[in-house]
Amino acid sequence: MVVSALVLLLSPEPERRARVLVDLAADPRLTLGTLVRDRLPVVAEAASAGDGAALCDELATCDGVVRVDVVAIDFEEHA
Amino acid sequence: MIDRRAFLKATAMATATAAAARLALHDVAEAEPRTEAGVTWDKAPCRFCGTGCHVQVGVKGGRVVAIAGDQKAEVNKGLLCVKGYHVGLALYGTDRLTRPLLRKNGKLEPITWAQAIDVIADRVLANPAGFAIYGSGQWTIPEGYAAQKLIKAGIGNNQIDPNARLCMASAVTGFLSTYGVDEPAGCYDDLDRCDVLLIWGNNPAEMHPVLFSRVIDRRSRGQQVVLIDLTTRRTRTSGFCDRTMMFKPHGDLAIANGIAHLLLERGSWDKAFVDKYCNFRKRTEPPTLDGQAMTFEEYRRELAYYTPAKVEELSGVSPADLGYLADLFGDRKLRITSLWCMGMNQHTRGTAINDLVHGVHLLSGHFGKPGDAPTSLTGQPSACGTVREVGTVANGLPGGLVVTNDLHRKEAAAIWNLPADRISAKPGYHTVEMWRRFSTPKDQGGDIDTIWVQVTNPARSLPNLNTLFAPSRKIPGKFLIVSDVYPTATAMAADLVLPSAMWVEKNGMFGNSERRTQQWFKMVPPPGEARDDCWQTIAVARRLHDRGHPGMKDKDGKFLFHVVDPKGVPVPIWDWARYYDVNVDEHLFEEYRKFSRFKHKDLAPYREYVAARGLRWPVVKQPDGTWRETRFRFAKADDPYATKAEIQFYHSVTKDDRALIWFHPWEAPPETPDQEFPFWLCTGRVLEHWHTGTMTMRIPQLARAMPQAYCEMNRDDARKLGVADGEVVVIESRRGKLELPVWLEGRGQPPPGTVFVPFFDESIAINLATLDAHDPLSKQPDYKKCAVRVRRQSRP
């Protein structure tokens with residue numbers, strides 16, 4: 001299991017932002033933190049580091065997500 | 001009771017929340033390091049590019065188990081790119097080199113370290129003049145310093161040069177010829193302050209993503225930053241830019257001259273700035289860094305040729321776009337940062353285009369204020385710290401000194417306590433010449449017969465491999481030594497292979513693109529018998545000392561790398577078992593930093609870097625005993641050495657505190673497409689991989705994300721060639737050929753007539769095709785343009 005700490009920069013448009021928040025909350029791989037202005041802290045879980053990277057790519061393409069920054073990754077079980 | 005998974009998630013959420021707060025509110029809150037039992041955390045700069053991001057490295061049971069962006073680091077403010085957050089896995093490829101290997105009867109066989117060190121000593125003693133070291137901008141500062149001292153102070157032939165010759169040598173000669181001293185005046189803070197970011201032939205969205213995100217982040221906060229992309233192919237960066245101006249390869253010279261032309265024609269140049277701080281210069285034949293003085297009127301006459309129409313003819317950039325650029329530079333209220341990397345440096349006119357871009361900034365007065373700066377980036381983590389500052393080049397000495405200067409040699413001999421005549425005044429061979437001579441039989445002038453490669457992979461990164469590398473492997477008497485962590489293409493072609501420690505398996509120091517010197521401690525042991533490169537160099541020096549090489553002693557008879565412990569007792573650091581009895585990095589750095597004051601590149605004591613996330617030189621001691629870094633050189637407001645005027649170029653070539661505005665004409669590149677070879681070939685990197693991929697291709701998720709090199713091609717060209725996406729083509733130049741798949745509408749989009757191939761894939765050696773023609777001053781080859789033909793591979 002790979003656990004990543006992410007920060008998502010969300011769209012400034014309220015409707016798109018609200019929509020993507022609903023979608024993200026429904027994704028079982030993600031745990032959402034408290035929105036700080038336009039930044040959403042997220043913890044992502046994936047089976048492997050590769051899946052984790054793919055998940056980040058997937059998040060970056062979501063409508064309403066402007067950018068994904070990865071701030072930490074734990075890969076102890078893969079090291 | 002919280003389980004481990006819940007704990008990891010909770011700590012990850014704390015980290016993410018702290019980062020979100022900091023990014024959104026510009027809060028200084030710092031995430032607490034994870035406190036899981038058994039995991040210890042420490043700081044280190046990332047191992048990959050020249051940005052110099054700091055990471056926090058989590059270690060448990062002697063292994064790196066986690067990586068986090070370092071929230072205390074000014075450079076990256078807690079963020080990392082895809083390579084950065086996988087950097088810990090670069091240590092754990094399955095095929096690490098763990099024993100010294102010597103080629104016997106064509107096969108690499110294990111030997112002991114003692115035997116390996118003897119083999120190297122034998123090669124030196126057999127022909128000291130023919131022994132060379134080829135290093136890199138991935139050497140740590142102490143490693144590079146030790147290699148430099150072995151060659152310049154010990155063996156005495158000056159035969160040392162780095163792979164950085166291939167990536168940023170033209171930036172060096174540009175800074176030297178313009179300001180009289182190397183490295184950017186500005187720093188990354190300029191990215192936070194500029195109104196306009198002008199990107200010259202650079203793709204920071206992929207190559208320096210954390211820096212680029214600083215600018216994009218400003219936009220997300222509602223700040224106005226105009227991004228302009230001057231490029232020969234559309235890249236990921238183009239997608240973020242307000243304007244993308246496509247230009248013909250080599251057309252950048254004409255564009256820079258065209259901007260200057262319009263500034264003069266419109267009278268929008270900054271006369272007051274130029275009158276106070278600048279002189280004009282033109283080149284001589286043969287070219288030199290000093291050039292020849294010219295008057296302003298001569299300068300104006302030379303630029304008269306570069307009308308917008310002429311610039312369009314030479315570069316493809318329209319008069320409207322050129323006029324827009326001149327509008328921006330003519331507006332004194334704006335703050336303009338120019339950013340460049342390999343596009344301007346890997347150029348047979350690299351020094352010239354660097355000079356011209358500096359010149360546009362100087363002519364328009366866009367210099368010396370935060371956000372107003374011409375700034376080059378580097379591609380390796382210590383191209384600046386080790387190569388440019390320690391001076392591990394064929395003509396260099398530490399601290400910006402050079403072997404050709406009598407006074408500089410005298411100063412170096414004094415610091416090293418050497419006889420005055422020990423350091424040779426004759427420069428060694430630059431990279432292309434070193435390898436050309438290594439690949440030439442001795443009786444035909446090939447006077448380099450042994451090269452010791454450390455921390456780089458020339459069998460894939462040199463240009464024109466069929467000329468510069470491959471022949472050496474067949475010529476009797478040529479001997480290649482490689483110190484590396486993995487069985488790279490170079491290692492597998494070597495006669496002697498030495499297993500090296502990597503990154504946090506050893507102490508280290510790097511210097512990034514913004515003059516920031518960084519430090520880290522060893523955190524995990526290297527595998528098997530792998531050892532520090534620095535130790536390898538010192539062990540060879542000691543073996544030479546013990547076998548009577550006169551250069552291995554100073555003038556008092558002490559060993560060149562004489563080290564004592566805090567009680568003054570000598571420590572035999574050439575004995576691996578004793579190497580970490582003292583901090584060898586600290587010892588070497590304290591000696592090295594004595595050099596740093598000659599060119600006002602002052603470094604602080606080692607211990608200051610232990611506490612900091614790097615410090616930007618000059619770092620000057622304050623009356624209260626603290627050490628202050630410098631963000632903006634030559635500006636009185638920040639640089640303690642600029643005391644006479646608001647802007648003072650205190651290392652001026654003309655000795656009058658003025659920078660030089662050069663005129664250089666546009667010239668045709670050495671090779672252009674023709675009927676036989678109708679395409680331009682440009683080479684470069686991709687986001688996921690670093691250099692020749694020897695580390696990143698061993699990180700499974702990066703390898704999966706970008707598994708193979710490819711040929712980017714315009715769809716119209718593909719249609720004409722009858723090539724579909726994914727089909728294999730043959731790329732052939734006058735020097736070599738290779739096969740690889742085509743990618744249409746991929747990561748980048750070249751214009752018709754251009755193909756692009758990344759060089760990260762060891763199995764697809766694009767440098768079989770590239771050109772070794774180089775800039776006459778920087779000696780840096782041009783990897784960005786040569787002529788090739790492309791055809792669909794015949795189907796069986």
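Me: Which residue takes a positive phi just after α16(B), and what is the value?

Reply: That's N417(B), with a phi of about 55°. Some ground rules: this is a predicted model, where local features need pLDDT of at least 70 and side-chain atom pairs count only at pLDDT 80 or more, while totals for chains, interfaces and linings use all residues. Residues are numbered from 1 along each chain as its sequence is written, and chains are lettered from A and ligands numbered from 1 in the order in which they are written.

Me: What makes α16(B), residues 406-416, a helix?

Reply: The label comes from DSSP: a helix is a run of H or I of at least four residues, a strand is a run of E of at least two, and both are numbered from the N terminus. α16(B) covers 406-416, so it counts as a helix.

Me: Which residues of α16(B) are buried?

Reply: H408(B), R409(B), A412(B), A413(B) and W416(B). Buried means 20 or more other C-beta atoms within 10 Å of the residue's own, exposed means 12 or fewer, and partly exposed is in between, with C-beta atoms placed from the backbone.

Me: Why are they said to be on the same side of α16(B)?

Reply: They cover an arc of only 135° around the axis, which puts them on the same side. That arc is taken over the directions from the helix axis to the C-beta atoms. On the other side, D406(B), L407(B), K410(B) and A414(B) are exposed. What covers the buried residues includes α3 (141-155), β15 (396-397) and β16 (401-402) of chain B.

Me: How about α11(B): which of its residues are buried?

Reply: In that helix, residues 308-315, they are V311(B), E312(B), L314(B) and S315(B). Their cover includes α8 (252-266) and α12 (319-330) of chain B. After α11(B) comes G316(B), with a positive phi near 90°.

Me: Why is R515(B) called buried?

Reply: R515(B) has 27 other C-beta atoms within 10 Å, so it is buried. This residue is in the loop between β20 (508-511) and β21 (516-520) of chain B, and its phi is positive, about 70°, although it is not a glycine.

Me: What is omega for the cis peptide bond that joins E285(B) and P286(B)?

Reply: About -5°. P286(B) lies in the loop between β11 (278-282) and β12 (292-294) of chain B. Another cis peptide bond joins W617(B) and P618(B), with omega also about -5°.

Me: How do you know that the radius of gyration of chain B agrees with a compact globule?

Reply: The radius is taken over C-alpha atoms, and the globule rule is 2.2 Å times the number of residues to the power 0.38. For 796 residues the rule gives a value near 28 Å; chain B has 26 Å, which agrees. Its C-alpha trace spans about 75 × 70 × 70 Å along the principal axes, and buried residues make up 61% of the chain.

Me: What about chain A, with 79 residues?

Reply: A compact globule would be near 12 Å, and chain A has 12 Å, so that agrees too. Chain A follows the pattern β-α-β-β-α-β along the sequence, and 43% of its residues are buried.

Me: How many residues of chain A are in contact with chain B?

Reply: 31 residues of chain A, against 36 residues of chain B. Contact means that the C-beta atoms of two residues, placed from the backbone, lie within 7 Å. β4(A) gives the largest share of chain A's side, seven residues. That side divides into 20 nonpolar, five polar and six charged residues, where Ala, Val, Leu, Ile, Met, Phe, Trp, Tyr, Cys and Pro are nonpolar, Asp, Glu, Lys and Arg are charged, and the others, Gly among them, are polar.

Me: How many bridges join β4(A) to β3 of chain B?

Reply: Three, and the strands run antiparallel. DSSP has to find at least two bridges for two strands to pair, so these two qualify.
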